[in-house]
Amino acid sequence: MTVRWSSYSGASSYIVTVTAKNVHSTPVTTSFSGNIVMGSIQPLSPNTLYIVRVDAMDSDNVLSSGETEGLTAPAGSQIYQAYSKQSVSITVEFEVKPGATHYILRAQTLDGEFFSETAVSNSPGTVDNLQPYTTYSLNVLSVNSGGRSQPSLPKVSRTVIEAPAMNTTSPSNDTIIVSWEPVEHAVLYSLCIIMQGSGNRFKVNTTDTTYTFSNLESGTIYCIKGYAWDPDGNMGDDLTVCQITRPSNPLEVEVFLTPGRTMGMAVSWSEVHGAESYLAHTSTDQNCSSSVESYCLITALSCGQNLTVTVTAENQAGPGVPSQEEQFIPFPCPPDSAWVEEREAGMCSFMWSEVAFADFYIAYVKHDDGLEDRCNTTDTFCQFPCLCGYTFFPTVFAYNQAGPSLPGPVLNYTTIPCCPEDVSVSLVSTETLEITWMAVRGAELYETIAADQNDIIHCNDTVPVCALSDLRCNSRYSVVVRPCSEISGCNNTCRAHTQETAPCAPEIVNITKTAVSRVLIQWSAANTEANYTVNAVGRTNSHSCHSSGTACEISDLACGTIFDVSAYARATVERSLPSFTHTLETEPCCPVNLTVEQVTQAMTQVTWSAATGARSYITSLNSPRGHAKCHTMDTHCIMGCITCGTNYTVTLEAISKTGHKRECSYHGFSSSACCPSSVRLYRMANNTLRVYWRSSGSLHNYVADLYGTSSNYTCTPPMGSNYCDVSEIVCGEVYTVVVAPLAQDGTNITFCPRRMYSVSCSGNTLGMVIYRGKRSVD
């Protein structure tokens with residue numbers, strides 16, 4: 001037992017003590033130096049469980065200890081005998097040892113080039129994958145969980161030579177030939193043959209590598225066992241192969257016609273022992289075969305000649321000898337060629353070439369509607385009715401005493417399709433015709449042709465409807481529907497139908513304003529006869545005009561409106577597409593209300609209502625003494641540089657977003673009289689103050705106002721006067737003095753300047769009047 005332990009620091013030696021766990025025995029103790037961590041312990045008993053203790057020592061002291069358990073390997077076995085029955089293996093019989101869970105069979109060649117170990121559970125055991133006729137040294141080892149025992153003493157044994165690899169053939173129904181490649185080290189070969197199901201054996205020895213067994217039964221399986229002998233007289237490995245002999249020739253061969261309209265014959269025969277299939281062969285190299293039934297059918301015979309038929313039985317070994325020949329007379333040949341002629345409409349002739357050995361003919365003409373015509377004749381033609389739109393399938397059979405031939409060529413003759421009688425041509429859009437009709441027999445394709453003086457348009461389709469588009473407007477087309485088939489072509493006898501397309505769309509060339517709310521629309525058109533309509537469509541209303549010429553006038557157009565103007569032509573068949581749309585924008589409307597208000601002596605504010613179609617406005621005040629103008633997007637405007645006491649004309653220009661303008665005039669505006677200048681306040685007698693001013697040249701009515709903290713005073717002088725007196729003035733006050741002309745309606749003008757004066761007291765009378773300056777308007 002080998003023990004391994006980990007080193008312990010400070011240990012000068014290790015003592016290993018091994019004690020049997022379940023058996024009373026003397027412990028085995030072994031000492032090792034301190035630099036050793038593994039050692040072998042012996043002698044121990046085989047297949048025994050031991051307790052292993054390791055003590056780490058420092059002089060006489062134990063520093064550390066460790067224990068474990070270990071099982072020793074079983075005792076070694078011995079080989080009783082070793083022998084070879086197959087060329088690739090050796091069987092070994094050996095002694096069975098207690099405690100061994102399995103055994104290792106070790107095999108190696110004497111030169112040491114091959115070595116193998118094979119695990120076996122018991123004796124005997126077999127070593128496989130060896131070479132034939134090779135000497136091996138064999139050992140056995142006992143094994144348990146503790147390990148392997150020592151190998152047994154060697155036993156030498158040699159494998160036998162390999163079996164010959166035999167190939168067999170049966171060249172005839174009573175012989176089998178066996179052949180093989182030479183086997184190395186073989187000096188003799190033995191073959192033993194036995195018929196399947198029989199106990200009789202025949203054995204032969206030979207030094208050749210081929211042998212022929214003869215006088216065998218036909219269609220019978222024979223099994224052949226072969227083996228070789230080595231120079232020491234030992235029998236080698238054996239191999240058994242089985243071979244069936246070829247079958248004998250079939251008897252009672254018969255040939256007869258097969259029922260039906262096809263040219264064929266049936267060949268029958270009596271069954272042959274050992275046959276797996278049969279082949280019937282004719283002198284024209286036609287064959288049929290069967291592996292189940294004792295007959296077969298030949299359906300494609302060569303017509304018009306005498307035949308000979310033989311039958312051969314076959315199996316895995318090959319074909320046997322053919323049977324005796326049987327004579328057979330076949331049917332006549334079908335006609336080589338056939339054709340149909342239609343010399344007059346509705347009546348056809350089916351014709352064919354003459355056939356040798358034919359006594360008479362039967363022709364069949366099938367219709368595609370299921371009907372069939374039959375004609376029995378000795379001539380080489382038949383007549384049959386053939387209406388338009390039908391497909392006919394004629395064929396012919398030649399007959400003699402043996403029966404009918406195979407069918408002749410099956411023709412496919414199709415008459416031209418019939419013309420549709422219910423053709424409908426309608427105008428579905430301005431330049432598109434829709435043609436419909438009922439489907440007719442025999443038509444696979446319909447070719448629709450529309451032609452005018454300049455163009456020819458084709459439409460091919462498989463359904464009975466067609467749309468011809470992109471036609472010329474204002475044109476008369478001749479439309480023909482021709483049914484066609486791939487085989488017979490098109491029917492060119494169908495009548496034509498006429499249809500006129502819609503008029504051409506006019507093109508607006510000019511829109512001219514003839515008045516504020518009236519325009520003249522002019523267009524060009526290429527129609528022969530048409531009436532024209534022009535539509536002007538706005539957001540809330542629309543207008544139209546009509547003409548058979550190239551111009552018309554639309555009136556009563558609303559101001560400030562955008563109209564889409566288009567025109568179309570109308571004829572008896574249809575109306576045209578509309579022309580391209582032109583945009584017509586009328587002048588913006590004038591504001592309904594406009595007021596002018598004077599804000600100061602030289603500034604006015606003009607206000608107006610919103611105008612339909614206007615985005616901006618230019619307001620003007622004009623007089624011989626000057627003018628004022630304002631451009632704005634609002635509905636009000638403040639204008640300066642106004643001359644007082646002047647009559648102005650008021651105008652407003654409304655402008656659309658595209659630049660269209662509308663001139664609007666309103667009632668005149670008169671600015672107020674000018675405010676007086678040089679306003680003065682003078683003290684008079686009897687507590688009276690005089691207000692004096694300098695007026696403008698024209699005569700106006702003025703009013704003078706004095707505003708104090710405790711009292712207010714007003715005086716109105718006669719027209720043309722430039723002063724007025726205010727009595728009973730309270731002294732000791734600061735007065736604001738305003739002199740303003742009266743407006744035409746008698747109201748006060750509020751924007752004249754104000755002056756401030758202080759009036760002192762002198763006893764009970766007025767004192768000094770002192771000017772304090774101007775004051776802005778409240």
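Is Tyr446 buried or exposed? Hi everyone, let's start there. Tyr446 has a relative accessible area of 3%, so Tyr446 is buried. Please keep in mind that this is a predicted model.

Tyr446 also brings us to the aromatic residues. Searching the whole structure turns up 22 aromatic pairs. One of them joins Trp437 and Tyr446: the ring centres are 5.2 Å apart and the planes meet at 65°, so this pair is edge-to-face. The cut-off for that label is over 60 degrees. What about the partner, Trp437? Its relative accessible area is 6%, so Trp437 is buried too.

Elsewhere, ring pairs join Trp5, Tyr14 and Phe32 in a cluster.

Some rings have a charged neighbour as well. Tyr390 has Arg441 over its face, 3.8 Å from the ring centre. Likewise, Arg575 sits over the face of Tyr568, and there the distance to the ring centre is 3.6 Å.

Now let's move to a cysteine. Where is Cys333 found? Look at the loop that runs between strand 29, residues 326–328, and strand 30, residues 338–344. Leaving aside residues up to four places away in sequence, Cys333 touches Cys303, Gly304, Val355, Ala398 and Ser405.

As a reminder, rolling a probe the size of a water molecule over the atoms shows where empty space is left.

The largest pocket holds about 460 Å³ of space. Its lining comes to 19 residues, and those nearest the centre are Ser670, Ser671, Ser672, Ala743 and Gln744. By type, that lining splits into 12 polar residues, six nonpolar and one charged.

How much space lies in the second largest pocket? About 350 Å³. Here 21 residues form the lining, with Met1, Thr72, Ala73, Arg148 and Gln150 closest to the centre. This lining divides into 10 nonpolar, 10 polar and one charged residue.

To go back to where we began: Tyr446 is buried, and its ring pairs edge-to-face with that of Trp437.

Technical notes. Residues numbered from 1 in each chain as written. Predicted model: local features only at pLDDT ≥ 70, side-chain atom pairs only at ≥ 80, totals over all residues. Heavy atoms only, no water. Helix = DSSP H or I, 4+ residues; strand = E, 2+ residues; numbered from the N terminus. Contact = heavy atoms within 4.5 Å. 1 Å grid on protein atoms, 1.4 Å probe; cavity = no way out; pocket = protein on both sides within 12 Å on 5 of 7 lines; lining within 4 Å. Points joined across faces, edges and corners; volume = space filled by probe spheres on them. Nonpolar A, V, L, I, M, F, W, Y, C, P; charged D, E, K, R; others polar. Phe/Tyr/Trp six-rings, centres within 6.5 Å; stacked < 30°, edge-to-face > 60°. Buried < 20%, exposed > 50% of the residue type's maximum accessible area, 1.4 Å probe, protein only. Lys NZ or Arg CZ within 6 Å of the ring centre and 35° of its normal.
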